[in-house]
Amino acid sequence: MRPFHLLLLTSLLLGQADAAPKSKSVPKPAARAPSAARTAAELAEVIRPSLVKITQLGREGADGIGSGFIIREDGLIATNLHVIGEARRLQIEMHDGTTHDVSVVQASDSHLDLALLKIEAKGLKALPLGDSSKVRQGEPIVAMGAPEGLGFSIVQGVLSATREIDGRQMLQVAVPIEQGNSGGPLLDMQGRVLGLLTLKSLKTDNLGFAMPVNELKTLIEKPNPVPMSRWLTIGALNPKLWKTHLGAQWTQHAGIIRSELPGSGFGGRALCLSTHKVPEESFEIATTVHLDDEGGAAGLTFCSDGEEKHYGFYASGGKLRLTRFNGPDVYSWTILADVPSDAYKPGEWNALRVRVEPERILCFVNGKKVIESADTGLRGGSAGLCKFRTTVAQFRNFRIGTDLAEKALEPEVASKMRSKVEEYVADATSSEKTLEGLLESPAAAKRVLVEQRRKLEEEATKLRDLERELHRRAMTKEILAELAKPEPEINLLRCALLLARHDNPEVDISSYLTSFKAMVLDLKEDPEIKAGTIPAVKRLSRYLFEENGFHGSRGDYSSRSNSYLNEVIDDREGLPITLSVLYVELASALGVQGVFGVPLPGKFMVGFRDGPEGELQLVDVFEHGKLVTVEQAALALTEDGRFPEDALAPTTKQTILLRMLRNLMSSVFDNNHSLRESLPYLNLFLAIDPKAAPERLTRAQMRQRFGEKAGAREDVSWLIENFPEGGPPEVMQQLDVWMQSLRE
């Protein structure tokens, strides 16, 4: 049997969190007569007309090549999402050499790494889809694609196994997968698709993985189409803020700029220049950079003429380098400094900063000065980011100013904070010998040093825990401050992003608010938005679900990602409540009247009325913005076809946030994570709603289980003090007994 606290938590979560959508029976395909097995040569001849080569087109030609295959005669093509990238035109090359531009990205799923593309064509030869749930280990298979961008090819092998990779069931195949094969079909010997080639093993060339074709069927049944005109803007740099030079592929998500592919300059050099005006005389620029390969190089560029002349301060081969570029090739470059530094952390995010003065240049990494140069060859111009060679580089928090150095803490504040931290650490450690004492006896020293290292590791763990809790308390403080405002002034979008940042300190709230403002600007002057509530609601639904591809989670409903609004904005996939938050806040920002959140049991929806006395209508944001009546929703969500009266009333922003927290707690339970992971959500929940008795009871149980008796006593004491008059006396008696046990 499950312990009582687990049963209690289960009942609470199942009773109050949004339930997963009810499974629907998927119609079985029409029975197909068994096909005789064919040879690889026969399959190649039959299947070749259904294969396509997919090319990403950039300003200077092909930026990437992959494979795909036709699954519908009217031009629907399946491939991997990573094959098509973002903000790039896509060209489809057929087996006979004819080409088509992609008109619509019919569906995409970042978790599955799958995509469906639509071209304007008819009468194409589609491949039949098999059933990946029935594959057998050792079954012969063939894989087809365009390795390294070459012509269509075929390789034969066997299905090695089905394995879980990053929480997903994948088909392991004993065939080589090369660059360009991604997105190609994996077929049985009857020519039915079993999967899409996705991953190449790092251990051996003759081992790869494919995404099961049954996952693709989910996208076919529930598409989220995005026209190419809109797809080209997803992840694209804002041209008002950035100008790229010398190629490479530059994209942006959530404030992080990512650069892939080598640039067209010598050594793969590429620049991304900010349009922000650089201050005259002295100025500073800064960014934080991460390289996936330290053999490459990336960092800051400044004093750029927008062409070939500029400085670069960047990480290269694990060192820090300052170079003056006076032309297009290495003969016109001058390396001013190339130095190692303990302050630089390979494989991690590193903060770079440059200070440019009339007579010198100062370069810093993670706050430590590593280079000082008297070179004055270039001044003025633009500043931005640079990247070299084939490394994938990521940049965040780029800034230009007159003084970007981190300011020292006030001595009194610093002393007080250090004292508190040292006191915290000292409480958990025993007395230590000094280093000199350890060195008196080398044999003993080694043992003592090992012991001390372990203690320091324990202290570091405690400090990380304290840092994490400090961050959560700070986020709680910000959320409470927002919720303390009058209801119309509460920024629900910011609250939801703070909730995501509560778990992930790296969430850049300002960048997501900027992305949201861009959505508002897209629709601000739209005549339908100004035409009244009903036309505005229809326009909002088209904008989100037809033009931008937002959709309900297809197969990862219980993932916490669906409750983080930043990831919902990035992946365009979420729960009913997170999609509703985006919908309602967008309506509010556009001045659309009568649109609000409706807390239906088991499924959050958007409600609207055309005027104060208008009939309540519902938008099912989880089902592509489908309009439903109250009666239809009641029949789908309740046993008796009726809603409680309060379920149809507009809900408060605080209630929405609490419901999101319940979903997060439910995600912990559904995915068999440690129950301790739900404790921060309970703490935040009770900070927002201190009178929530069920959550108080749950936290008391959990605190006791984790040995936190003082916290458990606090919660049980509250339950006793706030026990309702006329409540069951036996429950009060149990609380008294519980409190007594906590005092022992």
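Modeller: Contact means heavy atoms within 4.5 Å. This is a predicted model, in which local features need pLDDT of at least 70 and side-chain atom pairs count only at pLDDT 80 or more, while totals for chains, interfaces and linings use all residues. Residues are numbered from 1 along each chain as its sequence is written, and side-chain values use heavy atoms, with hydrogens and water left out.

Biologist: Leaving aside neighbours within four places in sequence, which residues is valine 595 in contact with?

Modeller: They are Thr533, Val537, Tyr583, Val584, Ala587, Val606, Gly607 and Phe608. In soluble globular proteins, nonpolar side chains tend to be buried together. A nonpolar core is a set of buried Ala, Val, Leu, Ile, Met, Phe, Trp, Tyr and Cys residues joined through side-chain atoms within 4.5 Å, where buried means under 20% relative accessible area (1.4 Å probe, protein chains only). The largest such core has 68 residues, of which Tyr583, Leu586, Val595 and Leu661 touch the most other members.

Biologist: At what angle do helix 16 and helix 17 pack?

Modeller: Two packed helices are described by the angle between their axes and the distance between the axes. Helix 16 (residues 679-688) and helix 17 (residues 693-705) pack at about 140 degrees, with axes 10 Å apart; axes are lines fitted to C-alpha atoms over the stretch in contact, and angles run from 0 to 180 degrees between N-to-C directions. Helices (H or I, at least four residues) and strands (E, at least two) are DSSP runs, numbered from the N terminus. The contact involves residues including Leu682 and Phe685 of helix 16 and Met702 of helix 17.

Biologist: Why is strand 12 largely enclosed?

Modeller: Strand 12 (residues 208-212) is largely enclosed by the rest of the structure because 5 of its 5 residues are buried. Strand 9 (residues 168-173) pairs with strand 12 in the antiparallel sense over 3 bridges, pairing requiring that DSSP finds at least two bridges, and leucine 171 stands opposite alanine 210 in strand 12.

Conventions. Buried < 20%, exposed > 50% of the residue type's maximum accessible area, 1.4 Å probe, protein only.
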